[in-house]
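Here is a walk through a two-chain model. Keep the structure open as you read.

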Amino acid sequence: MDYELNDAEKKLQQDASAFCMKEIAPSAQVLDEASKSEVFGTIKENLKKLAGAGLLGTGIEGGSIDLVKYYVAGEEIAKACPATFLSSRASSFMCGGLLNLFGTPEQKERYLTALRNADKVGAVAYTEADAGSDIAGINTLARKEGEVWLLNGVKDIVANAPIADVILVLAYTDKEAGTEKGLSFFVVEKDAAGLSVGEPLETMGLRGLPLAAVTFENCEAKEILGGTPGNAFGQISQILSMGTVGIAALSVGISSACMEKATQKAKNRKAFGRKIGSFQEVGFKLADMFTLNDLSKMLALRAAWGMNMGENEADILGACAKLFASESATKIANWAMQIYAGHGYIKGSDIEKLYRDAKFGEICEVPSEIQRTIIAKNDLDKFA
Amino acid sequence: MDFTLTDEQRMFRETVYRYGKEEIAPLCEEADLKGEFSFEIWKKLGEMGLLGLPFPEELGGSGADIVTCCLAGEALGHAGVDGGSLLAWGAHTYLCTCNIFNFGTEEQKKKYVPKLASGEWIGCMGLTEPGAGSDAASMRTTAVKKGDKYVLNGSKTFITNAPVADVIVVFASVDREKKHEGITAFVVDKGTPGFSVGQPFHKMGCKCSTTSEVFFEDCEIPAENMLSTEGAGWMIALSGVEWDRSTLLSPFLGASIYGLELCARYANERHQFNRPIKKFQAVQHRIAEMRIFVEAARLAIYRVASSKDNGQMLNPLQAAVNKVYAGDVGFEMASHAVQIFGGYGFMHEYPVERNFRDARLGAIGGGTSDIMRMIVSRIMLM
């Protein structure tokens, strides 16, 4: 038994931390306040910077994903700028990860290097107005017309859509065949006829993350991810299961930033002639932050390692990690705001932004409520 | 990173689990009702070699690593062995024998460790006093040197195993002016004149461990019964305390796994409104909370244990985090279990009731949760 990262992983962590603090962190507050057109430019620059440092899609190569490496780099990116992390993730992990795991050799050849270098930006479109955690409910349909498929439907929240060059679109190729055999991912380029990206969506937090709806009206799609229709349910299930590690990285990055800032505040701010950290109401909040942050990290690394090793219940560990880390992040952001008090509530303060950013982890990619149901089912079924 | 157990560790856990389930757990309900130390359970722990795990074979132990010691505590808790018997196991092994083994002379080790490791003797440790709990350094028990003897005066309280113990490792001050630096550890045998034990306390939980005050009134003990040197006591007390945040917490982890399984089974069997109660999300979500706790607490406890086995320095933050989480959240989980069982959970014949009472100690014994938070926040603010 050994809980330590190996030397290469430790080095990755240190390098990623140093690089992101210097190159990415300064844009975090700018991204939160800038106009959408500025945001898109800055995000693309950040993706380029990450690519230059080898941090875009760390661990995603050769048909598999090293989730420990991915987590280690991801946490540092997220700590510097959560929105940049999510945009990089939509491109390199969601889109790039699916292509890397399931693409045909030709699809990999065409996109993977370009995504890794940030020459192209990727996105995955699956959520719809009536289908999130219950993916069977999607209404986007693909109809075969001669050599091409015609896509029709609306994906209402797509990360990276406004800046994406390539989008993987989830659609029914055979609704009769049901979820498990009737769904397919299409590889669609942004200039495909019949594809239109909506106005950028405004969000509460993570305001640097480009988001929009994407509409398909008889959009011509020629390619299915992996070449064969009917495999997308397994594909999306796998990437979302692995994706728990990435959302844990997002959440731990945010909670680490909150904790560090709150600790500094508690050291520097004085009240009643003492550092406020010396009051137990403040000091104990810091201790609780540390506990939850530390356990979140451990759960995430444990899940990532289990997935790398192909352990049986690694998906359950991933669910535990995502749920625990995201709920811990909102608690930690809340405590950080308490310690900052009025100064944390003012627009332009780091904590005000992080507080809004933290919420997303609990609701994205299988919200806490559904994660709990998944985790419980695993234990309950053992005694059925 | 590597989170796997060795084959030997896995088999050991399985063996201890089965033994605990078949041989010991059936005795626990009655023993807990009586609220008395069970010599029958003690004997069974000894027969399986579980009372001397970390000591070398030549001293009657098994030479087990710390991860294996934790696996024993976890497996026994998981098997349904009550928290009291496991508290007795922990105090005996890790608080008493470990201190003699780690700091004793060859003679002291030879005299005490084999008999303690076999379970023939029962050990305890005396640190806490009526006026010195979390602030242990403020202790008032004194040891005054008189020729080749020390004379002990004072009292200790909440001493697990004291009413049945043959041996106590006790901390006393040779010079109260020196505060921490005056604290010194001694081994005292049962029957030493001037050493007496109070009536067992009636406790909320962990009832099969028996706990009382101990008194020293002009109690003369030979100087060769001192552990290490004068003034080394504080270091001895601390040296164990942080590592104990793995071994002594492992039974609480085991009890949580036991509780989770009891609840998962019950939620399948119990029907209300024409369906098993597992169909209700409020029940499911409690089960999920328990699973998350088990995974997180397991990681926290074995991180401390494996770092010791791997010869790493203990990170005091990790040990403290472990204690806060396993103690505070472990109790919440035991409460969830009672809730799932409803009225039955309030009845003694359902083990979740006992688990609930036993779990309450997690946030108190061996450094309260508040003290752990104090440690963590002090380090953070340095």
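Start at K179(B), which sits in the loop between β4 (167–173) and β5 (183–189) of chain B. Helices (H or I, at least four residues) and strands (E, at least two) are DSSP runs, numbered from the N terminus. K179(B) is not a glycine, yet its phi is positive, about 50 degrees. It counts as partly exposed, with 13 C-beta neighbours inside 10 Å. The scale is simple: 20 or more other C-beta atoms within 10 Å of a residue's own make it buried, 12 or fewer make it exposed, and anything in between is partly exposed, with C-beta atoms placed from the backbone.

A word on the source. This is a predicted model, in which local features need pLDDT of at least 70 and side-chain atom pairs count only at pLDDT 80 or more, while totals for chains, interfaces and linings use all residues. Residues are numbered from 1 along each chain as its sequence is written, and chains are lettered from A and ligands numbered from 1 in the order in which they are written.

Now find A118(A). It lies in the loop between α6 (105–116) and β3 (122–125) of chain A. A118(A) is buried, with 21 other C-beta atoms within 10 Å.

Return to chain B for α6(B), residues 233–247. This helix has 15 residues and reaches 21 Å from its first C-alpha to its last. A kink of about 30 degrees is centred on V241(B); the bend is the angle between axes fitted to the seven residues ending there and the seven starting there. Of the 15 residues, 11 are buried, so α6(B) is largely enclosed by the rest of the structure. Among them are W234(B), W243(B) and R245(B).

Where do the chains meet? In chain A, 36 residues are in contact with 36 residues of chain B, contact being C-beta atoms, placed from the backbone, within 7 Å. On the chain A side, α9(A) gives the largest share, 13 residues.

How values were computed
Two residues are in contact if their C-beta atoms, placed from the backbone, lie within 7 Å. The expected span of a helix is 1.5 Å times one less than its number of residues.
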